[in-house]
Each structure stands twice: as structure tokens, then as C-alpha cells.
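Please keep the sequence and the model in view while reading.

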Amino acid sequence: ATTAPRIPSTRLALHNFDTSYSLHLGALWPSVRAGLLCEQKYGALLNNFAAADHVPRELELLNATDFVSEALQKALQWQRGAAVGEAARGCQEGSGEGRTVMQAEMMTPAEMSPSLCISISSKIKCYSFPRGDITRFRPARPDSLGLLDYYLMDAASLLPVLALNVQPGDSVLDLCAAPGGKTLALLQTGFCGHLAANDISVSRTKRLYNILHSYVPKEVRDTVSVTSYDGRDWDHVKGGTFHKVLVDVPCTTDRHSAMEDNNIFHKRRTKERQMLPMLQLQLLMAGILAAKPGGEVVYSTCSLSPLQNECVVE
């Protein structure tokens, strides 16, 4: 008797993606697939707690740019353009109301849509290299107090934090916090009155502790509570108490699955993968129950799967 050769988990993942994502994304899938298989690019999240005023200039000399502030500028330009177009239409229709074209062109950031500006503008700064530039950032360095100057992470991981739109004094829950990049980014806003960082994995929670100690001074760490509860049961622990809740759930982690053989598409993890949407739904419901009336919840994954995204939310 012969044993059939084991199919690598990465090949199983790509076969799954080719089958489902090609239908979902259509003509976009080949370029998205190529992106998944390219070498991962990192962003450098500046640590506002470190004495590292020289770092932005150092990174800019390497041709890296702060994509958060760039996004804000692009958003403002887009809104200003939309306002000019609306004013021009008003002039053509002979309306005496609203702004003139010149007034629209001279709109200041404070006059733009508050929801758009507030959700992007923050103290968060994250530098990345231009598209096609695979330059690697140097390892983070400690300042005189031992705090590292920046944290290397997938820049897209900042998007849920920006979308959460934390305001001064907000109590915030990061329900699935480890390994800690988003928790650190939340602290960089300087707005968290209290931050609860939870993750069911004790080993991953230890990594979260290490990140906090490497990047955050003690007086700020004291405003953070780190726990290892099952996130699905959070409403039994402290329900209805948070202004903002981030639910960044476990998922198929598509890039990891396409590149690393130790992934959730391994045959022995089939049931675990099939149960992911139910786990994600339970975590999202727990996050909703953890929020105060009128609070805000952001749900995020690092997967392209509609079953793990739209279907869970809907």
C-alpha cells in the first residue's frame, strides 16, 4: 500500500481562493492574487511615547511617507472638488443659495465633513514606502528611556483603528487584541480614557504585554487592562460599558495562508475553518453587547471572504 503525497496547505489555500475569490472579485482576482503572493510590505507606526522627533525626517529621507496624513489630504481634496462641483451646478441652475465656486475652493479642513475628517485625522502616523518599493525598515531602536521608536506592522491593520474614531475620554474595548498592533495604535491616538485589551490566548496575551512594555510608559500602561477571557462571553464580564469596541476576529488570514504552510487550510483544521463564521458572529454579538447604548463597534478581518465579512455583519 502506498500513501498519497500530502498536498501543502498553501496549495489548498490557493485552490480555495481561486475557486471562491475569482467568482467574487471577477477580473480583479489575478492582480489581488499576485498581491497575496508578493513579499509582505510593512508600515512603520511611529511611537508617540518615545523621544524620537528625528525619526520622521529619517524615514522621509528614505522616500517613505506618512500614508495617514496623505489619506486625509486626498479626502479633503476630494471633498473640496465635490463642493466646487455642487456650487458650479447651483450657479448653472441660477440658484442664489449655497456657496460660490470660489468659496467652495477655499474651504478649510474645519469646514469639511466632520465624520470624514475626524475619522482620519489623529495623532497616528504610519510611514510606508511607495508602491513597488520593497525597501525594508531598519529594526526599531530604543530611546533614552528604553521605548522603541516605531512598530512594524501591516499598514492596512490601521484601518479598523482609524474607522473606530476614538474620541477624548472614550472607554475602548479591543476584544481580540493579541498580538497587540491595533492596541498600540489605539493608544497612539492619546484619546483612550481606559482601554481593555482582551485575547483568549494566554501565550498571545504575553506577547501583547511585551509590546506594551516595549512601547508604552508605565503611566499609560496603567490605563490599560489586559485579560484572557473568551471574547464570546464578554457581556457576562463587563457588558454595556464601552464607548468604542473593536472586534478584529480570528479568520483565514489569507496572506498567511497563501504563504505559510502552517495555516488553517491544513486538513486536520478543516472543522475549525468551517466554524469560523459562527465564531466570528458570536464575537461580533459579544462586542455589540459590550458597547454602551449609542456606542460604536468596528468589525474587521484580514480575509477577502464574503462569508467572513458581509455575511457575518448582515
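Asn165 is buried (under 20% relative accessible area, with exposed over 50% and partly exposed in between; 1.4 Å probe, protein chains only), its own relative accessible area being 17%. This is a predicted model, in which local features need pLDDT of at least 70 and side-chain atom pairs count only at pLDDT 80 or more, while totals for chains, interfaces and linings use all residues. Residues are numbered from 1 along each chain as its sequence is written, and side-chain values use heavy atoms, with hydrogens and water left out.

**Loop residues**

- Asn165 lies in the loop between helix 7 and strand 5, and its phi is near 55 degrees, a positive value in a residue other than glycine.
- Thr253, in the loop between strand 8 and helix 12 (254-259), also has a positive phi, near 40 degrees.
- Thr253 counts as partly exposed, at 27% relative accessibility.
- The loop between strand 5 and helix 8 holds Pro179, and the peptide bond from Ala178 to Pro179 is cis, with omega near 10 degrees.

**Overall make-up**

- The protein has 15 helices and 9 strands; these are DSSP runs, numbered from the N terminus (helices H or I, at least four residues; strands E, at least two).
- Of its 314 residues, 42% count as buried.

- Strand 5 pairs (at least two DSSP bridges between two strands) with strand 6 (residues 192-198) in the parallel sense over 5 bridges.
- Strand 8 (residues 242-248) runs parallel to strand 5 and is joined to it by 3 bridges.
- Asp174 has Ala197 as its bridge partner in strand 6 and Leu246 in strand 8.

**Nonpolar cores**

- A nonpolar core is a set of buried Ala, Val, Leu, Ile, Met, Phe, Trp, Tyr and Cys residues joined through side-chain atoms within 4.5 Å.
- The largest has 33 residues, of which Leu45, Leu158 and Leu186 touch the most other members.
- Another core, of 16 residues, lies apart from it and includes Val245, Val247, Leu284 and Tyr299.
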